[in-house]
Amino acid sequence: MSDVLDGVKVLEVAEQGFVPSAAAILAEWGADVVKVERPAGDPLRHYAKLGVVPDVENFNILFETFNRNKRSVALDLARPEGRAAFDRLAARADVVIEAYRGGVAERLGIDWPRLARLNPRLVYCSLSAFGPDGPWHDKPGVDMLVQAMGGLMAVMGEPDGPPVLCGAPVLDTIGAVMAGQGILTALLHRERTGEGQRVDVSLLAGTIFAHAARLSIFLATGEEPGRWGSGHPYIVPFQAFEVSDGWVYVAVWLDRLWAPFCDAIENPALARDPRFATRADRLQRRAELTGLLAPVFRARTVADWMARLEAHDVLCAPVNRYADLPRDPQIVASHLIVEQEHPRAGRFRTLDTPIRFDRTPGGIRTPAPALGEHTDAVLSEAGLTLDDIAGLRKSGTIR
């Protein structure tokens with residue numbers, strides 16, 4: 001059984017986490033992703049070792065996660081002969097993914113207008129922090145900076161506290177998913193018309209889109225949503241409550257759930273209290289209501305509260321720590337965390353592909369490549385002879 005993207009050839013010219021994770025989505029669905037690295041390698045290879053196998057040389061769990069199922073070519077694009085070799089690859093590629101600062105791709109000669117003339121069917125995806133236009137178009141950026149600039153940090157944290165950084169690089173993930181969707185849509189367009197095109201994806205665009213449920217209200221009313229900790233700006237109770245051995249998130253998002261919630265906390269009289277009868281009443285008296293509920297929740301465990309709330313069809317969830325995730329029954333049943341076999345590191349736990357196909361499942365096939373592991377094979381597939389490859393290696397253009 002072939003994977004859904006079997007036969008699609010992708011050149012990834014990018015480093016760090018955001019862009020390699022975009023290409024990783026395609027690789028897990030069967031695309032042949034060739035990671036074109038500088039001869040020194042993607043800097044992520046050389047970060048401090050993070051993971052469960054610190055004694056394995058040149059093993060980095062972040063690099064492994066973002067670059068499994070790929071092949072590596074170590075090629076110096078700053079040299080004319082390196083660009084010529086890249087042209088041979090691009091002429092046969094379906095997709096190029098790049099993430100250079102504004103003007104760098106043009107200086108290297110691997111920009112969209114030039115490659116489009118070389119390969120009119122090419123889908124060329126440019127990834128950036130802030131997009132191709134505007135005063136910040138050539139400014140480098142990372143997830144955390146875009147969280148600040150894009151308004152996300154301003155709505156995170158406690159009401160009386162400072163802005164707070166999201167604990168996971170969610171914008172990198174949103175950007176990677178948008179890039180995958182954009183590339184696949186462009187490939188579909190190409191199948192229908194024969195035309196390639198450029199796809200632009202930015203972390204900033206993903207951030208603004210992520211705000212849709214709140215930003216649309218602000219644009220209509222002019223009212224800032226503020227910071228509410230784990231709470232909801234428009235619904236109460238809709239937040240995490242501390243319990244005797246952790247935290248439980250409760251979402252009483254409909255008026256019809258208020259009485260069942262009160263039954264679950266063994267206070268049915270509260271459902272008849274006129275102060276909290278409707279969602280608007282509860283919102284108006286947020287502090288008063290949460291002050292009543294907080295000591296009630298502290299009296300029982302996570303397991304106790306989950307059983308009681310679920311028995312009354314109240315939306316709830318444990319606030320899992322990372323240590324809880326591998327043993328959470330839903331995550332286990334969904335096979336979201338799996339074991340991967342590595343030729344040097346042995347078996348270790350990692351994340352499975354998040355999107356499933358029943359006929360073309362995809363998944364983990366090969367570990368992340370060693371630097372330049374596939375240089376000779378990939379260049380040979382592009383038509384270079386053994387003498388050509390030997391000359392490039394002698395000049396330092398390839399590794």
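Visitor: Over which ring does the charged end of Arg286 sit?

Guide: The ring is that of Trp228, and the charged end of Arg286 lies 4.0 Å from its centre. A charge counts as sitting over a ring if NZ of Lys or CZ of Arg is within 6 Å of the ring centre and within 35 degrees of the ring normal. Lys139 is placed in this way too, with its charged end over the ring of Trp136, 3.8 Å from the centre.

Some ground rules come next. This is a predicted model, in which local features need pLDDT of at least 70 and side-chain atom pairs count only at pLDDT 80 or more, while totals for chains, interfaces and linings use all residues. Residues are numbered from 1 along each chain as its sequence is written, and side-chain values use heavy atoms, with hydrogens and water left out.

For the setting, the protein chain has 16 helices and 11 strands. These are DSSP runs numbered from the N terminus: helices are H or I with at least four residues, strands E with at least two. The C-alpha trace spans about 85 × 50 × 40 Å along its principal axes. Of the 399 residues, 43% are buried; buried means under 20% relative accessible area, exposed over 50%, and partly exposed in between, with a 1.4 Å probe and protein chains only. Contact means heavy atoms within 4.5 Å. Among contacts between residues at least 6 apart in sequence, 67% join residues at least 24 apart.

Now to rings that pair with other rings. Rings of Phe, Tyr and Trp (its six-membered ring) pair if their centres lie within 6.5 Å; planes under 30 degrees apart are stacked, over 60 edge-to-face, and the rest tilted. The count by this rule is nine aromatic pairs. One of them is Phe59 with Phe348, edge-to-face at 5.5 Å centre to centre and 75° between the planes. Phe59 is in the loop between strand S2 (32-37) and helix H2 (61-67) and Phe348 is in strand S11 (residues 346-351), so this pair links distant parts of the chain, 289 residues apart. Phe59 counts as buried because its relative accessibility is 4%, and Phe348 is buried as well, at 3%.

Another pair is Phe261 with Phe297, stacked at 6.3 Å centre to centre with 25° between the planes. Phe261 belongs to helix H10 (residues 258-264) and Phe297 to helix H12 (residues 286-297), so the pair ties together parts that are 36 residues apart in sequence. Both Phe261 and Phe297 are buried. They also belong to one aromatic cluster, made up of Phe241, Trp258, Phe261, Phe297 and Trp305.

A cis peptide bond, with omega about -5°, joins Val236 to Pro237. Most residues other than glycine have a negative phi, and most peptide bonds are trans. Gln239 is in strand S7 and counts as buried because its relative accessible area is 16%. Leaving aside residues up to four places away in sequence, Gln239 touches Ser230, Gly231, Val248, Tyr249, Val250 and Thr290. Its C-alpha atom is 9.5 Å from that of Cys316, 77 residues away along the chain.

Glu266, in the loop between H10 and helix H11 (279-284), has a positive phi of about 60° although it is not a glycine. Asp313, likewise not a glycine, has a positive phi of about 60°. The place of Asp313 is the loop between helix H13 (302-311) and strand S9 (315-318), and Asp313 counts as exposed because its relative accessibility is 63%.

The axes of helix H7 (residues 170-193) and helix H8 (residues 203-210) come within 9 Å and cross at roughly 100°. On the side of H7, Leu171, Asp172, Ile174, Gly175 and Met178 meet Leu203, Ala205, Gly206, Thr207 and Ala210 in H8. Leu203 is also 8.1 Å from Leu127, C-alpha to C-alpha, though the two are 76 residues apart in sequence. Leu127 is in strand S5 (residues 123-128) and is buried, with a relative accessible area of 2%.

Terms used
Axes are lines fitted to C-alpha atoms, for helices over the stretch in contact, and angles run from 0 to 180 degrees between N-to-C directions.
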